[in-house]
Amino acid sequence: MEKLSENKCFGGTQAVFSHASTSCNCEMTFGLFLPAEAKDGPVPVLWYLSGLTCTHENAMTKAGAQAWAAEQGIALIFPDTSPRGGDVADDEAYDLGKGAGFYVNATQAPWSTHFRMWDYLASELPELVGAEFPLDMSRQAITGHSMGGHGALTLALSLPGRFKSVSAFAPICNPTASDWGQKQFTAYLGEDAANWQAHDATVLMRDVGFDGPVLIDTGADDQFFELLGTEAMGAALAAQKQEATLRLQKGYDHSYFFVSTFMEDHVTFHAEALYTE
């Protein structure tokens with residue numbers, strides 16, 4: 001693993017690392033914020049998964065999460081959204097290929113060689129950071145934005161006991177019923193829609209639920225609202241009688257101005273779960 005940068009940040013450090021990924025078969029990059037408390041021992045972890053077109057850097061520089069994480073003594077991990085490199089398959093469209101991994105294990109050519117983001121985030125990267133840094137991996141939470149909100153919800157719903165809490169900003173909630181999902185799942189997973197169900201947060205919420213609190217914020221003026229499936233998720237939360245808060249924020253759109261506005265709420269929400277025995 002190579003440290004690419006490190007900066008003092010709210011009493012802690014914001015660093016960026018790269019490493020050879022066995023899951024994605026290429027070099028992968030992630031950001032890691034460690035609060036000052038990490039000098040004295042392992043600290044809780046909040047994962048942040050980014051959305052379409054993003055890298056590890058977008059939330060790291062735009063979301064303002066470090067200030068609130070430092071206040072709570074929580075580490076932040078900012079993974080990339082897809083494999084990268086000259087030999088990694090790509091597409092001219094912004095919503096397929098590099099920057100659009102959708103947090104699945106691709107089974108179809110040419111994507112299957114590198115696009116194994118599920119294994120990377122469910123297994124490889126947690127094992128790596130847990131071994132290398134002062135992180136309390138028994139206290140993890142996860143959040144994300146848009147495509148990353150989809151990933152945060154599906155990982156939390158599919159890995160019982162892994163995360164104490166899950167939240168999302170404008171998540172793609174029902175990708176099997178959206179152009180943000182059907183196109184990508186067909187490319188990555190094949191035409192059999194039965195293989196898509198395990199990566200639809202609405203289906204998972206309705207069928208299994210989450211063993212902890214859930215927080216979802218979506219802008220009422222989100223320009224992509226019709227692609228997100230927020231209403232379907234609301235119905236699934238009600239059907240499951242899930243412990244959850246789903247908020248429509250009047251006047252807010254899909255941007256990082258929206259994300260940064262409500263980041264304090266989300267970090268505080270996760271801190272309450274992470275510090276509750």
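## Briefing: a predicted protein model

Phe 169, Tyr 252, Phe 258 and Phe 262 form one aromatic cluster. The protein has ten helices and nine strands. Buried residues make up 59% of its 277 residues.

**Overall build**

- The radius of gyration is 17 Å. A compact globule of 277 residues would have a value near 19 Å, so the protein agrees with that expectation.
- The C-alpha trace spans about 50 × 45 × 35 Å along the principal axes of the protein.
- Among contacts with a separation of 6 or more, 72% join residues 24 or more positions apart.

**Surface and charge**

- The accessible surface of the protein comes to about 11000 Å². Carbon and sulfur atoms account for 49% of that surface.
- The protein carries 15 positive and 35 negative side chains. The centres of these two sets lie 4 Å apart.

**Aromatic pairs**

- The structure holds 13 aromatic pairs.
- Tyr 48 and Phe 78 form an aromatic pair with a tilted arrangement.
- Tyr 48 and Phe 78 are both buried.

- Tyr 252 lies in the loop between E9 and helix H9 (256–261).
- Tyr 252 counts as partly exposed because its relative accessibility is 29%, which falls between the 20% limit for buried and the 50% limit for exposed.
- Leaving out residues up to four places away in sequence, Tyr 252 touches Gly 219, Ala 220, Asp 221, Asp 222, Phe 258, Thr 261 and Phe 262. Phe 258 and Phe 262 also belong to the aromatic cluster.
- The C-alpha atoms of Tyr 252 and Gln 223 are separated by 9.4 Å. These two residues are 29 residues apart along the chain.

**Lys 250, in the E9–H9 loop**

- Lys 250 is found in the loop between E9 and H9.
- Lys 250 has a relative accessible area of 77%, so it is exposed.
- The C-alpha atoms of Lys 250 and Leu 135 are separated by 37 Å. Along the chain, Lys 250 and Leu 135 are 115 residues apart.

**Gly 64, between two helices**

- Gly 64 is in the loop between helix H1 (57–62) and helix H2 (65–72).
- At 36% relative accessibility, Gly 64 is partly exposed.
- Gly 64 and Glu 264 are 200 residues apart along the chain, yet their C-alpha atoms are separated by 8.5 Å.
- Gly 64 touches Ala 59 and Met 263, with residues up to four places away in sequence not counted.

**Thr 202, inside a helix**

- Thr 202 is found in helix H6 (residues 201–207).
- Its relative accessibility is 6%, so Thr 202 counts as buried.
- Beyond residues up to four places away in sequence, Thr 202 touches Cys 173, Asn 174, Gly 229, Ala 232, Met 233 and Ala 236.

**Backbone exceptions**

- Most residues other than glycine have a negative phi, and most peptide bonds are trans. The following sites depart from these patterns.
- The peptide bond from Ala 109 to Pro 110 is cis, with omega near 0 degrees. Pro 110 is in the loop between E5 and helix H3 (117–132).
- Ser 146 is not a glycine, yet it has a positive phi of about 60 degrees. Ser 146 lies in the loop between strand E6 (135–144) and helix H4 (147–158). With a relative accessible area of 3%, Ser 146 is buried.
- Lys 241 is another residue other than glycine with a positive phi, here near 55 degrees. Its place is the loop between helix H8 (230–240) and strand E9 (244–249). Is Lys 241 buried or exposed? Lys 241 counts as exposed because its relative accessibility is 76%.

Terms used. Residues are numbered from 1 along each chain as its sequence is written. This is a predicted model: local features need pLDDT of at least 70, side-chain atom pairs count only at pLDDT 80 or more; totals for chains, interfaces and linings use all residues. Side-chain values use heavy atoms; hydrogens and water are left out. Helices (H or I, at least four residues) and strands (E, at least two) are DSSP runs, numbered from the N terminus. The radius of gyration is taken over C-alpha atoms; the globule rule is 2.2 Å times the number of residues to the power 0.38. Buried means under 20% relative accessible area, exposed over 50%, partly exposed in between (1.4 Å probe, protein chains only). Contact means heavy atoms within 4.5 Å. Accessible areas come from the Shrake-Rupley method with a 1.4 Å probe; for residues, only the protein chains shown count as cover. Lys and Arg count as positive and Asp and Glu as negative; His and the chain ends are not counted. The place of a charge is taken as NZ of Lys, CZ of Arg, CG of Asp or CD of Glu. Rings of Phe, Tyr and Trp (its six-membered ring) pair if their centres lie within 6.5 Å; planes under 30 degrees apart count as stacked, over 60 as edge-to-face and the rest as tilted.
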